[in-house]
Amino acid sequence: MQPWQIGVFASVDAGLGVHLDVARELGIPTVQVHSPHKPTRTQAAADSFLANCNAAGITVTCVFGGFDGESYADIPTTANTVGLVPEATRAARVQEMKEISDFAKLLGCGAVGLHVGFVPADRTGANYNGLIETTRGLLDHVAANGQNLHLETGQESADHLLEFIHDVGRSNLFINFDPANMILYGTGNPIEALKKVGHLVRSVHCKDAKWAAPAERGKSWGCEVALGEGDVGMETYLRTLKELGYCGPLTIEREIAHDRERQKRDIGTAASLLERLRSQIL
Ligand code: MG
């Protein structure tokens, strides 16, 4: 694959991505896909989706997991509901994530992605160590499918994400770096974070955001905005990715599924911005 292929985060019947026809109409050659709901994670659905991708010249680069009951309403609700961290839903969700890995295999995709949740700060606690064991079991299943797992960034600092990955101790655990999430969650300067975790970054989101007011950071959301209009600094972001030797796709994420027209327009503008910067930097 050519370096820095433009991509977009897409959805079938779940998640905040665009539908495949938007990628096709905009001429975007790669997608990450939010996993569909269980009834549509079938061989027939995979074959149909792949046929549509092939007809449009689109490659699926990563399949993201997501679960019923997750809510991003505010930061505390996100911490209580998202990923494999909440203990009440952990066993059922890790089983579902294994099924999502199986579905990704049907799509011929070698990477699955996940918001693991807010990794507990205490590395000696029962919740943290249970999460480590659960993640190891998931990674072994993912490895048997010939896949890597990419953790989405944002819910913890770069340093704590590195600690977690070290403690899990599996060779198929990597990072999907999302610079805007570092701003939205208030977990650190995205460029400094990228430099710390860059050796583990195997996929990225191109998303932008503005910081919350200083007293509110980490307590309430920053604001997601169109690419190039926020505080990430897209040129610095891409130049840093180049310094790190990152060659994978540049996957645009615009999480305004409630406004499909604007979502498509913003993604088209973002693709143009990334193509211009790519021609200047690569
Ligand atoms: Mg993201």
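**The magnesium site**

Tutor: Happy to! Along the chain, the donors of the magnesium ion are spaced as E-x25-D-x26-H-x47-E; donors here are N, O and S atoms within 2.8 Å of the metal (3.2 Å for Na, K and Ca), and since water is not among the atoms, sites may look incomplete. This is a predicted model, in which local features need pLDDT of at least 70 and side-chain atom pairs count only at pLDDT 80 or more, while totals for chains, interfaces and linings use all residues. Residues are numbered from 1 along each chain as its sequence is written, and side-chain values use heavy atoms, leaving out hydrogens and water.

The protein donors are E152 (OE), D178 (OD), H205 (ND1) and E253 (OE), at 2.0 to 2.2 Å from the magnesium ion. Helices (H or I, at least four residues) and strands (E, at least two) are DSSP runs numbered from the N terminus.

Both residues of this pair are buried: H205 has a relative accessible area of 0%, and E253 has one of 8%. Buried means under 20% relative accessible area, exposed over 50%, and partly exposed in between, with a 1.4 Å probe and protein chains only.

Elsewhere in the model, the axes of helix α4 (residues 90-106) and helix α5 (residues 126-144) come within 10 Å and cross at roughly 20°; axes are lines fitted to C-alpha atoms, for helices over the stretch in contact, with angles from 0 to 180 degrees between N-to-C directions.
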